[in-house]
Amino acid sequence: ASINYQTPAMRLDTTRSQALFPPHGGAAQPVAGDQRTVIDVSGKFAWTEGNEATPNPGAVGDRLRQLWATPHGVIKAAIANNGTLNGKDVTFTVEGREVKATLNDQNLVEKVSYLTTNEVIGDYPIEITYSDYADYNGVKFPSHIVQTEDGHPTLDIAIREVKPNAPVAIDAPANVQNAPPPPEKPMVQVDKLADGVWYFNAAGARSWAVEFKDYVVAVEGITGEARSLAVNEAIAQTIPNKPIKYVVNTHAHYDHAGGLRTYVAQGITVITQETNKPFFEQAWARPRTIAPDLLAKEPKPPMFETVADKKVITDGNQTLEIYRMQNSGHNGANM
């Protein structure tokens, strides 16, 4: 990690490796070889490095919060944002979120927490714990950092080296600075696959729809609400005067489930593998104060039809058969 608190700017260079090679046990190998990712934020710009920098405008806030959640970033942000001290706790607001930091007996930053959000589970806490402070060229910094998200550990690292006041210049590439803002409404490309069957390609992912005599079945509620609204509008234009009765969720991975709540808000029944139902019911009941969606603004209970191993939808002419994928290495409740 390279950080410049004045800009502010940060670069995170991460390499993931498979601990056991080859891994023991069954299923697929999660990491084949080293996987390197370099992500940056500088001022109001965020991007991912590669042959050409990829703009990530939606990540600016999250990455700046990461920067200000570092041990020295917390102190700088608390001072700059009129932080409130209550005993050993300091609270302040940065990038639109309240951040709470707890100091230890030596008045060093011990813990930092704040809320973030996700399209599937809504609000959830991020908590970072700093321990085992050591002296690095006259500056104290933790040698152990542990991060949890929604109570689950996502980072546990030992610090090997700290270079205080090293020159760090992170400037956004021209293509990132000049990139147009993402459209509020995703563009949808419609491709006919067969009689009564269409692909709807939006935001780099495909849903599809099947036309029946009196209704439509959509397949996949991908990414988030903006995409689902755009796809459903395109379905209504492509297959007019027929309501969407069902949305089929192939599995509960977040990229395939982020847009499902839009269908629930519109009174559409969710078809999913039976073991997914309790998860969705629990996740969709959680608070959504950071980014309230249609369902949060007008709550209603979700309607489900679940699949054990097979489900058939038919009107006597058009038929859609849904099967559970047995022994899938991708997801245990995949259809």
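Guide: Start with a side-chain pair. In this predicted model, the side chain of Tyr246 makes a polar contact with the side chain of Glu305, at 3.3 Å. Tyr246 sits in strand E17, which covers residues 244–248. Its relative accessible area is 9%, so Tyr246 counts as buried, the cut-off being under 20%.

What does Tyr246 touch, leaving out residues up to four places away in sequence? The list includes Tyr215, Val216, Val217 and Ala218. Ile268, Thr269 and Ile271 are on it too, along with Glu305 and Ile313. Val270 is a further point of reference: 24 residues separate it from Tyr246 in sequence, yet the two C-alpha atoms are 5.8 Å apart.

Now the sheet. Seven strands form an open sheet in the order E6-E7-E8-E9-E10-E11-E12, with antiparallel pairing. Strand E6 (84–86) and strand E12 (152–158) are the edges, each pairing on one side only. From one strand to the next, the twist averages 25 degrees.

Look at one pair within this sheet. Strand E10 (residues 122–136) and strand E11 (residues 139–149) run antiparallel, joined by ten bridges. Tyr136 stands opposite Val139 in E11.

Two helices meet these strands. Helix H1 (residues 60–68) lies across E7, E8 and E9, and runs at about 170 degrees to E9. Helix H2 (residues 71–80) packs on the sheet and touches E7, E8, E9, E10 and E11. The direction of H2 makes about 90 degrees with that of E11.

How values were computed. Residues are numbered from 1 along each chain as its sequence is written. This is a predicted model: local features need pLDDT of at least 70, side-chain atom pairs count only at pLDDT 80 or more; totals for chains, interfaces and linings use all residues. Side-chain values use heavy atoms; hydrogens and water are left out. Helices (H or I, at least four residues) and strands (E, at least two) are DSSP runs, numbered from the N terminus. Buried means under 20% relative accessible area, exposed over 50%, partly exposed in between (1.4 Å probe, protein chains only). Contact means heavy atoms within 4.5 Å. A polar contact is a pair of N or O atoms within 3.5 Å; within protein, one must be able to donate a hydrogen and the other to accept it, and residues adjacent in sequence count only if both atoms are side-chain atoms. Two strands pair if DSSP finds at least two bridges between them. Axes are lines fitted to C-alpha atoms, for helices over the stretch in contact, and angles run from 0 to 180 degrees between N-to-C directions.
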